[in-house]
Amino acid sequence: MKALTFQGIRDIRYESVPDPSILYPGDAIVKVKYTAVCGSDLHIYHGREHGLDMGTVMGHEFVGEVVETGKSVKKLRRGDAVVSPFTTSCGSCYYCRIGLTCRCERGQLYGWVENGHGLHGAQAEYVRVPMADSTLVPFSLGIAPAAALLTGDIMATGFFCSDQAEVRAGGIYAVLGCGPVGLMAILGAKERGAEKIFAIDAIPERLEWAAKLGAVPVNFQEANMLEMVRDMTGGRGVDSVMEAVGSESAARLAYELVRPGGIISTVGVHTSPGFAFSPAQAYDKNLTYKIGRCPARAYMEKLLHRIEAGAVELSPFLSRIERLEEGRMAYERFDRKEPGYLKVILEV
Ligand code: NAD
Ligand code: ZN
Ligand code: ZN
């Protein structure tokens, strides 16, 4: 089959790789219809996250059709339309039962093979899904497949970010990073009743999308940005910051923006060994800091219902669909944050 593989820093190739096959009785093989490039793929692309074997199939977002099932798969059948969360989960361990499916004792992240172990990704014609019954989510014909795809990562992650931030009506919030995940955090915060959200980025197109979704756009390269936000919050800072960037400077900015007693909710993937603020500084602000991978599987059914009800504005995320074979170019353009490349969905 054809797939996009990792060949080193900034080197993604469209090439032939072996077809995946059933390895365990709980596996399914899915024929991919749409996959996508995520901000998390860029950490690998730039070598900020390392350890990935050369030749690993990239990608962790996909929808498609079940084409084969292992002997113990009970709930799924050939032909089912399914969407996957970006990690697999067993549905029955301690972490799955408490809804922290991203920390499943047997879970794996798609698109991560290290020293020969791990799971190939979904930027491919076919993908092997371990623990398919508990990982995959079937969806109805009433939902466009490309919209369903968004629930498996960026939409779940944005909504998780606003939940961690404990957003409520009457509060004042900031979202750092207006990429796909940050914009989804704005939607999540709106659903929780937020009226005032500062959306912070430096890319004009992304700030425009944030404004269209109802946030107040703020360019972090403007000199008086911190002062302005503080002035608009009675000098205090915001109640919670939703950080969807994943860099030391963003973590530092989150610290500067949050008021004493506030929450920093971070979904940006951090690769730094240190903190951007010290324990003493956190103490002096009575800060709550929450960070980590989104338990997407625990969110997906609810989000699919919201989409089916037509309750969420997803058009910004569905405006760029390229072919899988254009993947190398799609990575480059998404990485450069070129106009029109907010979210890149790849049709297979
Ligand atoms: P993206 O790269 O498209 O968006 C990041 C945005 O942040 C860009 O628009 C960029 O201009 C902006 N930015 C950079 N520095 C900034 C700063 N100092 N302040 C404000 N904005 C800044 O990526 P994305 O797909 O939206 O993903 C965002 C982050 O979320 C990534 O780190 C990704 O790895 C992470 N992520 C985490 C999870 C999870 O489970 N926790 C899931 C998906 C994505
Ligand atoms: Zn992702
Ligand atoms: Zn589990």
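The shell around ligand 1 comprises 15 nonpolar, nine polar and five charged residues, where Ala, Val, Leu, Ile, Met, Phe, Trp, Tyr, Cys and Pro count as nonpolar, Asp, Glu, Lys and Arg as charged, and the others, Gly among them, as polar. The model is predicted, and local features need pLDDT of at least 70, side-chain atom pairs count only at pLDDT 80 or more, and totals for chains, interfaces and linings use all residues. Residues are numbered from 1 along each chain as its sequence is written, chains are lettered from A and ligands numbered from 1 in the order in which they are written, and side-chain values use heavy atoms, with hydrogens and water left out.

An oxygen atom of ligand 1 lies 2.7 Å from a backbone N or O atom of Cys294, and a polar side-chain atom of His43 is placed 2.8 Å from an oxygen atom of ligand 1. Of the 870 Å² of accessible area that ligand 1 has on its own, the protein covers 91% (Shrake-Rupley method with a 1.4 Å probe; for residues, only the protein chains shown count as cover).

The zinc ion (ligand 2) is coordinated at 1.8 to 2.3 Å by Cys38 (SG), His60 (NE2) and Asp153 (OD), donors being N, O and S atoms within 2.8 Å of the metal (3.2 Å for Na, K and Ca), and sites may look incomplete, as water is not among the atoms. The spacing of these donor residues in sequence is C-x21-H-x92-D. Cys38 counts as buried at 3% relative accessibility, and Asp153 counts as buried at 5% (buried means under 20% relative accessible area, exposed over 50%, partly exposed in between, with a 1.4 Å probe and protein chains only).

Terms used: A polar contact is a pair of N or O atoms within 3.5 Å; within protein, one must be able to donate a hydrogen and the other to accept it, and residues adjacent in sequence count only if both atoms are side-chain atoms.
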